[in-house]
Amino acid sequence: MDQLFNRKYIIQGLFVLIAIILLGKLFYMQVISDKYFLSANNNALRKIYTYPARGVILDRNNKVLAQNQPTYDLLVTPNQVKPFDTLSLCNIIGIDMIEFRKKFQKAIVQSRYQESIFQKLISVETYASLQEKMFNYRGFSVRKRTIRYYPDSIASQFLGYMREVTPKDIEKHAGYYKSGDYIGKSGIEREYEPVLRGTKGVTNMLYNAHNVAQGSYANGKLDSLAVSGDQLTSTIDSRIQKLGEQLLANKVGSIVAIEPSTGEILAFVSSPGYDPNKLVGNSFSPNYREIFANPNRPFVVRPIQGGYSPGSAFKPLDALIALSEGVVDPNTTFNCPGYYIAGNRKFKCEHVDGNISLRRGIARSCNTYFYNIFAKLMTKNGGSYAKQHSTYEAWQNMVRKFGIGDTLGIDFPGEKAYKLFRAADYDKLHRSKYWGNTSIMSVAIGQGEINTTPLQIANIMAIIANRGYYLKPHVVKAIGNGKGIDPRFKEKHFVGIDARFFEPVIDGMQDAVNQSWGTATESRLQNIIMCGKTGTVQNSRGKNHSVFIGFAPRDNPKIAIAVIVENGGYGGAYAAPIASYITEKYLTDSLSGRRINGSTIEMYKEANLLPVFVTKPLVKPLNTPDSLKKTDSLKKALPLKTKVAQNQFNKLAIKPKVNATSK
Amino acid sequence: MQHQSNRFFFNVDWITILIYIALCAIGVANIYSTEYNPDKAAAFSLGSSYGKQLIFAGTGLILGLSILLFDAKFFSVFAPVIYGVTIFLLLVVLVVGRNVGGNQAWIPIGSFRLQPSEFAKFGTALLLARYISSFNVKLNSLKPILISGAIIILPMALIMLQPDAGSMLVFLSFMFPLYREGLPGNLLIIFWGAVLLFILNLFLSPFILISSILLIGGLFIYNNRKRQQKIISIGVITLIAIAYLFVAKFLFNNVLQPHQRTRIELILGLAKDNKGAGYNVIQAKIAIGSGQFTGRGFLQGTQTKLKYVPAQSTDFIFSTVGEEWGFVGCFVVIGLYSFLLLRIVNIAERQRSSFSRIYGYCIACILFFHVFINIGMAIGLMPVIGIPLPFISYGGSSLWSFSILLFIFLKLDSNRMGFI
């Protein structure tokens, strides 16, 4: 019996062991793993969203740039659909029966019991006729949402476009977006997405096992109403934005205008552009492909992504640093025999001016003058390589203060940083430390190892207009009702050059426009003293780029501007007059007729400077030996040839007034 | 007589009764929760499941307390009669039974339905206790083992005709009282070995299984190569094992119902079916798992309230406990059961009469089997065989039969000082 008595422990042990096993499994299911908790919410809890109105985008004068228009999605819950007249539905929404079946099958695959989108973005007109017959279509329902409408069809790259979220977006924004939602993908729509989108309204609905709604979860304590997006007041002036886009029509280029006292961007033109209304609604995909395929690449936001040598537009900055460093004074003259000898190299200056002063040097864009200045700057601490090395390093640091060599930090996505060479970079380039001013002389006239965006050179103009400081350029003035902008846009950034050094340079820039010997006389305005500087940027791929930078009026400037017209030739040919029209429109809200060379605004609008792309077939016949070579097919397919449209206007406008390679 | 009666009540194990009441209360509360609808929050209603369950619990308690008034000798004396009545009822149900959910397990009596298989448990327990406790019965010889086996197998066979596999399997728990009373451990090993072989038979190919059985048999023979007697018996066992494989396969494919086969296959991971037979378990697991540590709170469960879990108030009542009370609630419930089981075993061991002891072990093991299988199936450890969670699941027959089982034992215990 004793032995049998022990068996009670075995049985009790079994009871305890099983209890521990059950509790262990329960502990795993309930406490360690959250798989079941998530499945439970998936099972029963469904969030029903209401979409808020997206914030409207205004220009600086409260003119609407982007607004909303209603559109409708047709939704279907497959298990609730009863047999009906499918043909009538097809006719209303404009699809055929084959497509109908395909879409219905797709909805079934997604879920028989849950709503899914059957037809997206139905127009208001279609919705009107659909609405009358909806009662016939059981299982179908309509959800209202809004899409963008751009009343003026301007500022496409500036505003940006919206498209359906990708799985990546959904992941990145941690739960806010659901498949089928829209998100700003570029421009302001992207940068200010969190402000513009508002907040979706949520109703947490409970569904039972038969997919019948059972009311809201926790008595609606977790539900919320949709909150509309904030209205955004941009800094753009739609009048000059529109004018700028017209002037750059059929040209590749860009215009940036800044209000110097605030850093607000007044115009942000990137050409070629596109009609922003094309990237809205159902025609998004074909239009997107078409725009994407354009060889002039309308999606490039040239004001902040285009990299150009500043060319002669760099000269005022040269002069400022030289004055500030004391290597020249306003009365210093140099002799220009039409060239400049640096070491054993001869740099051309296309006009012979004899003895020339700073003021006239700027107005005439005399290369020799600035080669001399640069040589003096680089050798001011001694001519040895080592000395020049450290002097250059100090010089480029001063240039950097003007916002070159890095991004400016604009509130806009995609700003590119172009490199400004440090001394060490030249060491690498020359594979030694033995280089001096003669090796890098082209930097003196803004060529060579120096690249800037149009925004950066416009900002240099703002600095000069402000006599020594800038505020970070930005595109938004106000968010919502009275909500201010980021305080970083209210800080003054001083460039470290005393205000008194600016006047002699500005004198030169005034003369460039307003004296007969100036290079930018095409931008002369009546009653307004415009100061400016032309640039003609050498371009290895074709005709020179036409550049103009300037500001107006001279005292208490209201606008600083940079215009780049690719393949436009001399600065005075296109960029200078275009800048003057924009400035005039902005300052006086009117446009006077002809410029000094007799050209009219229509001539500039009509001029076609687009590069001509000769497309060859991508695939060559197999029997030609060429097809066996592995050449870069893309390069071959798109040989770049520029051709200036042959019209009367060209003969008129591109008449070199003064001989200069870089003026 | 008066004096004695008072002593009976005094001797009753009140701790067990308190646990019993606690479990019944948990049952009523959770059944209330499965029915609760915030929009139609009506006052107490006898028409609802929880109202009925409350009545079952009350009558169960009255039934139990009135059992305490019986003479203790009654149960051992009338054990064969009670057993006979329950067997008779099992026969009756096959003739007049109402078919519910594929099982002909219910005898309609007025508005109630009686489930004889529930009552067969204590009939069998009583007769088994009576037989084994009788003079000169020792469970180490063949005849008593066969007779005990017959007492158990008769109701099993009748229940299998309904067919109600779940209730039938409960009778396997009588193995443990037999073991306690001296059934050779080898028999248990052989039995569970057979179960294991049955399961492995579904997993592995017959070739692997047969060769490994032959290999093991060969090793044993090699070890005992000097003892001829052993070699013969090992050889016979090996051959029986191999023959068993084929019989088991035949039983699985031809005797088990298709839905029972799929349930076994599901639990073994041989089949995957989220919408069909596997749906119950998946939904029950989701409900229980979503309770997390402290649960969603009383009446706050979404899975169980929105009818995601089938058989919510009966076989899967534990999913409500898990969802609304979380791990803490599960711990309390399993703790209460464990305490109750250990308490019953300890009370059984203090009995002088072996009838009381054997009977105590019988009910402990029946309860244990129910709890283990029911909770195990709700959390996916056991195949889904529809047996209720004692005292908590909705249902009059099961609650009454468990009450009677328990209170007979309490009566026997209260009389432990007397002789039967």
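Trainee: Where in chain A is Ile255(A) found?

Mentor: Ile255(A) lies in strand 11 of chain A, residues 253-259, where strands (E, at least two residues) and helices (H or I, at least four) are DSSP runs numbered from the N terminus. This is a predicted model, in which local features need pLDDT of at least 70, side-chain atom pairs count only at pLDDT 80 or more, and totals for chains, interfaces and linings use all residues. Residues are numbered from 1 along each chain as its sequence is written, while chains are lettered from A and ligands numbered from 1 in the order in which they are written.

Trainee: Why is Ile255(A) called buried?

Mentor: A residue is buried if 20 or more other C-beta atoms, placed from the backbone, lie within 10 Å of its own, exposed if 12 or fewer, and partly exposed in between; Ile255(A) has 31 within 10 Å, and therefore counts as buried.

Trainee: What is Ile255(A) in contact with, leaving aside its neighbours within four places in sequence?

Mentor: Its partners include Val563(A) and Ile582(A), contact meaning that the C-beta atoms, placed from the backbone, lie within 7 Å.

Trainee: How do you know that the span of helix 2 of chain B agrees with what its residues should give?

Mentor: The expected span is 1.5 Å times one less than the number of residues; the 22 residues of helix 2 (residues 14-35) should therefore span 32 Å, and the end C-alpha atoms are 32 Å apart, which agrees.

Trainee: What do the buried residues of helix 2 of chain B pack against?

Mentor: They pack against helix 3 (49-67), helix 15 and helix 17 (396-414) of chain B, and Tyr20(B) and Cys24(B) are among those buried residues.

Definitions and conventions. Two residues are in contact if their C-beta atoms, placed from the backbone, lie within 7 Å.
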